[in-house]
Amino acid sequence: MALNQEEFDTLVTSLQQYAQQQPGSYKLRVGLLALLGYGYIFFSLVLMLLVFVGLLALAFYTKTLNSVVLKLALVLLVPIFVVLRSLWVTFPEPQGLKLQRQEATYLFNLVDKLTTKLKSPKFHHILLTDEFNAAVVQIPRLGLLGWQQNYLLLGLPLMQALSPEQFCAVLGHELGHLSGNHSQFAGWIYRIQKTYYQILEKLQQSGDQVGSLILQSFFNWYSPFFAAYSFVLRRMNEYEADRCAAELVGVENIAEALINVDVKAKFLENSFWPSIYKQAEELVEPPQNVYEQVSLMLFSCSTQEDSIRFLQQALSEKTDHQDTHPCLQDRLESLGYLTVKNQGITVPPQFEISAASEYLGNNLEKFTHLFDQTWQEKVQTPWRQRYAYAQESLQKLQVLEEKSKNQSLTKDENWDIAYLTWEFRSQETAMLMFRAILADDENHTEANYLLGQALLKRNDDSGIDYIERAISKNSNIFIDGCNLIYVFLKSQGRNKELKSYQERIQQHYEFVWLAKQERSDVKDNDQFKHHDLSAEVIENLCSQLAKYPELKTAYLVQKVVNYFPEEHFYILGVQRKWTLTDSGKYKFLEQIINEVEFPGYTYVIIINNDTKKVEKNLRQVPEAVIYQR
């Protein structure tokens with residue numbers, strides 16, 4: 001039985017308390033739970049192998065290899081093969097610029113020094129990436145048997161954002177994940193968890209019902225509990241890695257590193273990158289020195305006012321059960337930094353030289369230039385598309401504004417002005433326009449959504465009501481809307497209210513899957529109703545169908561669906577004048593699907609002897625026949 005979000009949260013909370021009181025006993029439980037999953041898999045595998053061999057032996061001794069025995073053997077062979085193949089866990093090699101010792105001698109020497117102090121394994125590769133992050137990745141060469149290849153991933157922006165001492169603290173944290181026995185244990189747990197997911201994924205892809213019956217029911221019960229136990233283990237490891245870094249470089253350095261990482265990550269996400277991509281509205285080509293700008297901006301982090309604002313946001317966040325990393329406040333408390341800084345937490349003072357300059361030396365300019373080139377090549381096409389769209393939109397906005405001076409605009413034109421003002425000019429002005437639109441039509445989906453988004457960004461919780469009204473009218477924006485509210489509530493520390501949105505998102509995904517299932521085919525017992533399309537739309541569709549001389553009759557209806565009924569699901573039944581081979585039938589079907597422009601999501605079927613019952617149901621719907629030759 002799967003756990004819902006509230007049950008999962010309750011289990012994680014109780015496990016955290018137990019792990020704090022008896023860490024050794026807790027890790028033993030995690031290990032035994034992992035072995036339980038192993039035991040079930042290997043027991044099932046051995047059992048299937050024994051039955052498979054038994055069937056072959058029975059056929060050999062009785063000298064009767066009939067079709068029933070052969071089918072049973074083949075049915076067992078599929079899950080056996082899938083499980084055996086999935087036990088060989090594969091991990092993709094991390095991507096990044098592989099550094100050579102001669103390119104970054106100081107960096108390699110620092111890593112060697114820290115690994116020796118912490119008695120952690122040596123790194124086989126150090127990769128420089130364009131991300132604001134640092135991580136250690138272990139790739140097992142022999143799957144579950146291990147023999148790790150160790151990678152250290154260092155983001156150039158992260159190195160630009162930290163002082164040498166703070167960077168050493170971050171390295172100490174990452175190396176802390178590899179030091180001692182807990183890293184080997186955590187890595188083993190991670191590989192086991194990935195194996196379980198891989199086995200279930202392969203079974204679902206194969207469509208094997210026997211394998212799913214044997215393993216799926218067990219893992220439906222087992223996976224949520226193992227996920228909760230391993231979640232708490234990873235959370236414990238984060239605190240332990242922080243303590244490793246504190247022992248290595250001191251509490252103050254690791255605390256200031258954590259503060260700087262959180263503050264400057266928010267600065268990049270909320271200020272720097274939006275300002276860069278905003279330039280696509282005026283510049284035909286993307287800037288050539290974006291990572292040089294990253295370096296300068298991260299070094300100063302814009303203004304002290306921005307830094308204080310982002311720090312306050314970071315400190316208001318609360319630890320939840322969605323991320324194994326604790327919130328900033330909890331990490332600082334665990335380190336004892338709040339006792340050291342009894343006057344309160346402040347933004348760390350500006351440093352004189354960045355870790356990037358200190359440890360990459362003369363090659364920093366070369367690496368920055370490489371990342372600039374890569375980024376420019378990556379964004380060049382979408383950048384030009386955005387520029388063209390912006391110029392076209394601004395011209396349209398100007399025309400509408402001129403028109404509004406002399407005559408009244410339609411509702412659609414008023415919306416266009418409001419939206420284009422929001423996108424290209426002033427969001428404050430656009431918000432006033434949204435309110436005017438909603439005064440006339442309170443259920444306007446787009447106005448509700450954007451106004452709600454703007455209010456939440458300004459820490460005004462009245463935006464929740466506008467978002468709720470929008471997602472109630474359009475299921476396509478449900479997930480995005482819930483995520484907006486979720487992020488806002490999390491930033492406000494309102495964790496109790498988060499659960500309902502987590503559950504709603506989970507339920508929506510289930511409904512989406514069910515909706516896809518009921519829209520995947522047409523059955524004899526399906527119910528249909530009138531298409532409710534205008535005469536103009538039907539006329540356009542019929543003119544397209546008239547291009548097919550072999551077409552005799554065309555039916556158009558709506559299928560009655562239970563999930564998201566507001567999203568109409570049309571059924572187009574086409575009947576040919578003559579019957580051809582299966583290959584000819586499918587070629588005709590493919591032609592119609594690829595060449596005809598449909599009024600919405602439309603499922604096309606061929607009306608023949610196999611679908612007589614469907615045709616009978618279609619004929620009972622008023623005006624179902626839209627074309628007949």
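How many salt bridges does a search of the whole structure find? The search finds 24. A salt bridge here is a side-chain nitrogen of Lys or Arg within 4 Å of a carboxyl oxygen of Asp or Glu. This is a predicted model, in which local features need pLDDT of at least 70, side-chain atom pairs count only at pLDDT 80 or more, and totals for chains, interfaces and linings use all residues. Residues are numbered from 1 along each chain as its sequence is written, and side-chain values use heavy atoms, with hydrogens and water left out.

**View 1. Lysine 27 and glutamate 240 form a salt bridge.** Their closest N and O atoms are 3.7 Å apart. The pair links distant parts of the chain. Lysine 27 sits in helix H2 and glutamate 240 in helix H8 (residues 209-249), 213 residues apart. Helices (H or I, at least four residues) and strands (E, at least two) are DSSP runs, numbered from the N terminus. Lysine 27 counts as partly exposed because its relative accessibility is 23%. Buried means under 20% relative accessible area, exposed means over 50%, and partly exposed lies in between (1.4 Å probe, protein chains only).

**View 2. Leu28, Leu32 and Leu35 make a nonpolar surface patch.** The patch covers about 300 Å². Patches are made of residues with over 30% relative accessible area and no salt bridge; like charges are joined within 9 Å, and nonpolar side chains (Val, Leu, Ile, Met, Phe, Trp, Tyr) within 5 Å. Accessible areas come from the Shrake-Rupley method with a 1.4 Å probe; for residues, only the protein chains shown count as cover. Leucine 35 belongs to helix H2, residues 23-62. With a relative accessible area of 45%, leucine 35 is partly exposed.

**View 3. Glutamate 468 and arginine 504 meet in a salt bridge.** The N to O distance is 2.8 Å. Glutamate 468 is in helix H19 (residues 463-473) and arginine 504 in helix H21 (residues 495-518), so the pair ties together parts 36 residues apart in sequence. Arginine 504 is partly exposed, at 26% relative accessibility.

**View 4. Glutamate 615 bridges to arginine 619 within helix H24.** The closest N and O atoms of this salt bridge are 3.6 Å apart. Helix H24 spans residues 612-619. Glutamate 615 is buried, at 7% relative accessibility.

**View 5. Salt bridges link Lys278, Glu281, Arg386 and Glu423 in a network.**

**View 6. Helix H9 packs against helix H12.** H9 covers residues 251-278. The angle is about 175°, and the axes are 10 Å apart. Axes are lines fitted to C-alpha atoms, for helices over the stretch in contact; angles run from 0 to 180 degrees between N-to-C directions. H9 is therefore roughly antiparallel to H12. Angles under 35 degrees count as roughly parallel, over 145 as roughly antiparallel, 65 to 115 as roughly perpendicular, and the rest as oblique. Val251, Ile254, Ala255, Leu258, Ile259 and Asp262 in H9 meet Leu328, Arg331, Leu332 and Leu335 in H12. Contact means heavy atoms within 4.5 Å.

**View 7. Arginine 331 is a buried residue of helix H12.** The helix runs over residues 328-335. The relative accessibility of arginine 331 is 10%. Leaving out residues up to four places away in sequence, arginine 331 touches His173, Glu238, Tyr239, Asp242, Leu258, His325 and Pro326.

**View 8. Helices H6 and H9 cross at roughly 90°.** Their axes come within 8 Å. The two helices are therefore roughly perpendicular to each other. Glu165, Gln166, Ala169 and Val170 in H6 meet Asn253, Ile254, Glu256, Ala257 and Asn260 in H9. Helix H6 holds residues 164-176, including glutamate 165. Glutamate 165 is partly exposed, with a relative accessible area of 43%. From glutamate 165 to phenylalanine 351 is 186 residues in sequence and 9.9 Å in space, C-alpha to C-alpha.

**View 9. Lysine 119 has a positive phi, near 55°.** Most residues other than glycine have a negative phi. Lysine 119 lies in the loop between helix H4 (105-118) and strand E2 (125-129). Lysine 119 is exposed, with a relative accessible area of 73%.

**View 10. Glutamate 623 has a positive phi of about 60°.** This residue is not a glycine. Glutamate 623 is found in the loop between H24 and strand E9 (625-628). At 59% relative accessibility, glutamate 623 is exposed.
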